[in-house]
Amino acid sequence: MPRALLLENIDPVAADLLGTAGYEVESLRGALDETDLVAALDGVDVLGIRSKTQVTAEVLCRRPGLAAVGAFCIGTNQIDLAAAATAGVAVFNAPYSNTRSVVEMAIAEIICLARRLVDRDRSLHAGTWDKSAAGSHEIRGRTLGIVGYGNIGSQLSVLAEALGMRVLFHDLEDKLALGNAERCDTLEELLERAETVTLHVDGRAGNAGLFGAEQFGRMRRRSLFLNLSRGFVVDHEALRDHVLSGHIAGAAVDVFPEEPREQGDPFTSVLRGLPNVILTPHVGGSTKEAQHDIGRFVAGKLVEYTGAGTTTLSVNLPTVALHGSSAARFALLHRNEPGVLARVDALVGEHGLNVDGQVLATRGELGYAVTDVGAALPPELLAALSALPESVRLTTFGSRTG
């Protein structure tokens with residue numbers, strides 16, 4: 001029976017789907033460090049993680065039996081994707097499932113910051129009645145600047161405009177503006193024009209330290225700032241300085257450079273205790289609806305890959321989906337060099353089999369071919385395919401051997 005290990009409190013629907021597909025599933029609430037992860041992966045075929053567990057090249061090297069990793073979140077920067085591809089380990093994520101949850105939280109926090117609701121709440125809990133309009137504003141008619149116009153940023157653009165905000169956005173790629181949103185050619189232009197700035201960038205290494213003292217200094221005085229993207233993007237010391245100076249009127253931060261590994265662990269930050277600052281524990285996408293959809297989506301991709309070799313929406317392997325059924329199927333991940341498919345088909349013919357269906361895709365240095373044949377796979381054929389000098393990983397499905 002194949003085994004699956006799910007970490008970081010992944011929604012139970014994932015375990016249910018994997019269990020139905022024939023997996024023995026173990027679920028753990030917290031993340032694991034490298035040493036513990038290597039030990040836990042002994043005999044495991046499929047690993048499921050969220051944002052805290054680091055799947056390093058060392059982990060992948062130490063556990064060559066691992067077939068696939070599911071990132072039950074949007075980001076995959078916690079996984080060494082290149083090392084996973086080289087090891088023949090497919091990686092899947094959920095690029096769309098929690099988009100709405102993050103967008104709704106951003107809208108809610110923009111309103112809370114503009115109305116200073118957090119400060120009003122704290123005062124009343126402390127026993128002070130502070131009924132005042134000082135520092136409280138509507139968001140209608142104000143200008144929102146979105147840094148990163150991907151799935152989240154573009155949907156936020158639409159909802160913010162529906163609430164009466166003017167929308168500016170900046171993205172490194174040429175993105176189609178939705179509604180009346182206006183593209184800014186530079187980040188500096190956006191910062192100088194927007195009254196609220198919200199970050200929705202991805203986890204690429206180039207975004208580290210994207211927002212620091214210089215960027216906060218360029219923002220309009222008494223503007224608002226939100227980061228619901230990646231913790232390493234923002235210099236929190238610089239943010240603290242600009243909040244205390246009054247240059248930034250309020251901020252909402254959901255992600256941090258260093259985050260506790262498990263529920264209930266202590267949390268420290270230089271942003272704690274600041275006025276009109278909302279701190280949340282990386283819960284932008286943590287709604288019941290989003291986590292259920294993520295669990296269903298990523299587990300489904302893992303089942304499709306390990307059950308039929310389908311790599312649709314894999315973030316590190318060539319994309320292949322071969323429909324139909326035959327007596328047996330094999331998938332060969334190989335180095336992308338001329339003539340590999342011809343040699344594969346020649347070996348199939350030499351062993352008396354006919355190709356019923358076949359599809360090949362390439363991605364950078366890798367090629368991935370899925371082949372259906374009309375009879376059981378002879379062990380000699382499998383040995384010959386594995387022995388090809390370009391072979392990275394051979395996987396069989398259906399009737400494995402004759």
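A residue counts as buried here when its relative accessible area is under 20%, and as exposed when that value is over 50%. Keep those cut-offs in mind as we walk through this structure, which is a predicted model.

Let's start with the aromatic rings. Two rings are paired when their centres lie within 6.5 Å, and by this rule there are six aromatic pairs. One of them joins Tyr-149 and Phe-169, whose rings are stacked, with 3.8 Å from centre to centre and 15° between the planes. Tyr-149 sits in the loop between β6 (143-147) and α7 (151-162), while Phe-169 belongs to strand β7 (residues 166-170), so this contact ties together parts that are 20 residues apart in sequence. Both Tyr-149 and Phe-169 are buried.

Another pair has a contrasting geometry. The ring centres of Phe-211 and Phe-216 are 5.0 Å apart and their planes meet at 70°, which makes the pair edge-to-face. Phe-211 has 0% relative accessibility and therefore counts as buried; Phe-216 is also buried, because its relative accessibility is 0%. Ring pairs bring in Phe-225 as well, linking it with Phe-211 and Phe-216 into a cluster.

Now turn to helix α1 (residues 12-20), where Val-13, Ala-14 and Leu-18 are buried. Looking down the axis of α1, you will find its buried residues within an arc of 130°, so they line one face of the helix. Pro-12, Asp-16 and Thr-20 are exposed on the other side of α1. What lies over the buried residues of α1? Their cover includes β1 (3-6), β2 (24-27) and α11 (288-308). Just after α1 comes Gly-22, with a positive phi of about 105°.

How values were computed. Residues are numbered from 1 along each chain as its sequence is written. This is a predicted model: local features need pLDDT of at least 70, side-chain atom pairs count only at pLDDT 80 or more; totals for chains, interfaces and linings use all residues. Side-chain values use heavy atoms; hydrogens and water are left out. Rings of Phe, Tyr and Trp (its six-membered ring) pair if their centres lie within 6.5 Å; planes under 30 degrees apart count as stacked, over 60 as edge-to-face and the rest as tilted. Helices (H or I, at least four residues) and strands (E, at least two) are DSSP runs, numbered from the N terminus. Buried means under 20% relative accessible area, exposed over 50%, partly exposed in between (1.4 Å probe, protein chains only). The arc is that of the directions from the helix axis to the C-beta atoms. Contact means heavy atoms within 4.5 Å.
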